[in-house]
Amino acid sequence: MLPPHSLLPTGMLLRSLLVAGITSHPMLLAPGLATLKFLSKPRGPLFNVERNPLLHSIVKNVLYNHFCAGENGSEVKATIQNIKNMGFRGVILTYAKEGPGKSDEKDQDDPESRQADPEIEAWHQGVLQTVQMIGDGDFLALKLTGAGAAVTTALSHGKPLPTQMESALVDLCDEAIRRRVNIFLDAEQQHVQPGIDKVALDLMRRYNRGNVAVVFNTYQAYLKSTSVTLLDHLHCAKQEDFMIGIKLVRGAYMSTEPRHLIHDTKAETDASYDLIAENLIQGQSTAWKQDESFTSPRLQLFLATHNRASTLKAQELQQSRTNAGLPRIQVQYGQLLGMADEVSFTLLQRNKQDIHNQGFVTGEVYKCLTWGTIGDCIFYLLRRANENKDAVSRTLAEYQALRREVVRRIKSVFSF
Ligand SMILES: Cc1cc2nc3c(=O)[nH]c(=O)nc-3n(C[C@H](O)[C@H](O)[C@H](O)COP(=O)(O)OP(=O)(O)OC[C@H]3O[C@@H](n4cnc5c(N)ncnc54)[C@H](O)[C@@H]3O)c2cc1C
């Protein structure tokens, strides 16, 4: 069988090789990161990526196009089409522009705060534009704190969201349903997460009444508390008879969260992720059997991870349940654009085999895309570069696989 990277178009393959070449070598990555950090601060016209055309073109062609979807509707739609042409079921789209998030607290009892909040309005319009770029089966990812200080304050104090935000969410969900798009509520830091969980449960109660989950909440396996939180939400879905949409991640806020909330080692986070995924796929878990009253509600699972072992474990478990004729839940997989292509393409290749052998796939695969101007996306790019730095062995393996694929294509040209 051809290697997984054979699915990459040649232009993308060469750009991926360049980016992986830089990010897998500490001596190249360190100056690259320093340059990105330098460009992320407000600068005069010469070092401003939005105003210096040469700089704009370099950053856009090398880095931005590798990790981001586009600066406007037509670029984003072209990227989505490319992704779907490679065999992905769809995309998860998110708008890069981030609100101030943790900025000054706003008092909702202050009459001035009750007027239309420009931060919520800007967020609402940006997200509305985003959902209008996607369609059937795609996902819209929402980061609630992106809606600004009033929303962040409400989430962190366990207060109801501002009415304007509640209306914006209903408007976005209605538009998503019209377009047959599903919604992820992203998980964030612990000071706002209980508030996000509450919003997610309310939206799931309202929108997940049918046979598909329109709204998904995100659960972070690195937290020691996640099994208990999830079990609580599963009970709630069972009792109130709604479909629970679960997006499972490891968690992205290790550097800022109180350390004691997070599993002590990476191995423990890995085990937690795999056990939660296994429990959900099996329906009736060993760990959750301690809770005698547990029976699984209707659920859909989305495994958002770059981890090859976790992904393949879940995929193989699904396959073995299929072979044994056991009931299966819907499991989908997602990786970020420009990252872990080897994992994405391995899943796509297995899907092709599934179609051939059994006529359906055991798990659809998605790419997660961020869109916005280069200025909007610069912090996102910095985070991706840092993430590659933290996953040196995986980045190096990706680089070696890309290099092998380039050599294979060159040899295949000369063999004719
Ligand atoms: C499509 C998609 C959507 C995502 N959405 C969200 C989201 O809404 N919210 C969110 O928080 N994250 C989100 N993430 C990021 C995710 O949480 C991880 O940070 C990232 O994917 C890396 O983890 P991994 O599972 O890919 O695997 P790996 O690279 O194998 O794992 C890295 C992760 O392991 C954990 N870890 C690392 N070292 C330790 C340690 N010493 N002790 C304990 N744990 C450790 C951390 O969570 C770290 O991020 C998303 C990722 C994807 C692909």
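In this predicted model, the ligand is surrounded by 27 residues, and the closest of them are Gly-251, Lys-266, Thr-269, Thr-305 and His-306. By residue class, this shell holds ten nonpolar, eleven polar and six charged residues.

From the side chain of Gln-220, a polar atom lies 3.0 Å from a ligand oxygen atom. His-306 takes part through its backbone, with a polar atom 2.7 Å from an oxygen atom of the ligand. At Thr-265, a backbone N or O atom is 3.4 Å from a nitrogen atom of the ligand. Of the 940 Å² of accessible area that the ligand has on its own, the protein covers 84%.

Several secondary structure elements contribute to the shell. Those giving two or more residues are β4 (215–220), β5 (244–249), α10 (266–282) and β7 (330–336). The largest share, three residues, comes from β7.

**Cavities**

Searching the whole structure gives two cavities of 30 Å³ or more. Their volumes and linings are set out below.

| Cavity | Volume | Lining residues by class |
|---|---|---|
| Largest | about 190 Å³ | six nonpolar, seven polar, three charged |

The largest cavity, with a volume of about 190 Å³, is lined by 16 residues, of which Gly-338, Met-339, Ala-340, Asn-388 and Glu-398 are the closest to its centre. Helices α1 (10–23), α3 (53–67) and α14 (392–414) are the elements that each give two or more residues to this lining.

Around the second largest cavity, the lining consists of 13 residues; Leu-8, Met-12, Leu-337, Gly-338 and Asp-341 lie nearest its centre. The elements giving two or more residues here are α1 and α12 (341–358). Helix α1 supplies the largest share of this lining, three residues.

Technical notes
Residues numbered from 1 in each chain as written. Predicted model: local features only at pLDDT ≥ 70, side-chain atom pairs only at ≥ 80, totals over all residues. Heavy atoms only, no water. Near = heavy atom within 4 Å. Polar contact = N/O pair within 3.5 Å; in protein donor to acceptor, adjacent residues only side chain to side chain. Areas by Shrake-Rupley, 256 points an atom, 1.4 Å probe, with all protein chains shown as cover. Helix = DSSP H or I, 4+ residues; strand = E, 2+ residues; numbered from the N terminus. Nonpolar A, V, L, I, M, F, W, Y, C, P; charged D, E, K, R; others polar. 1 Å grid on protein atoms, 1.4 Å probe; cavity = no way out; pocket = protein on both sides within 12 Å on 5 of 7 lines; lining within 4 Å. Points joined across faces, edges and corners; volume = space filled by probe spheres on them.
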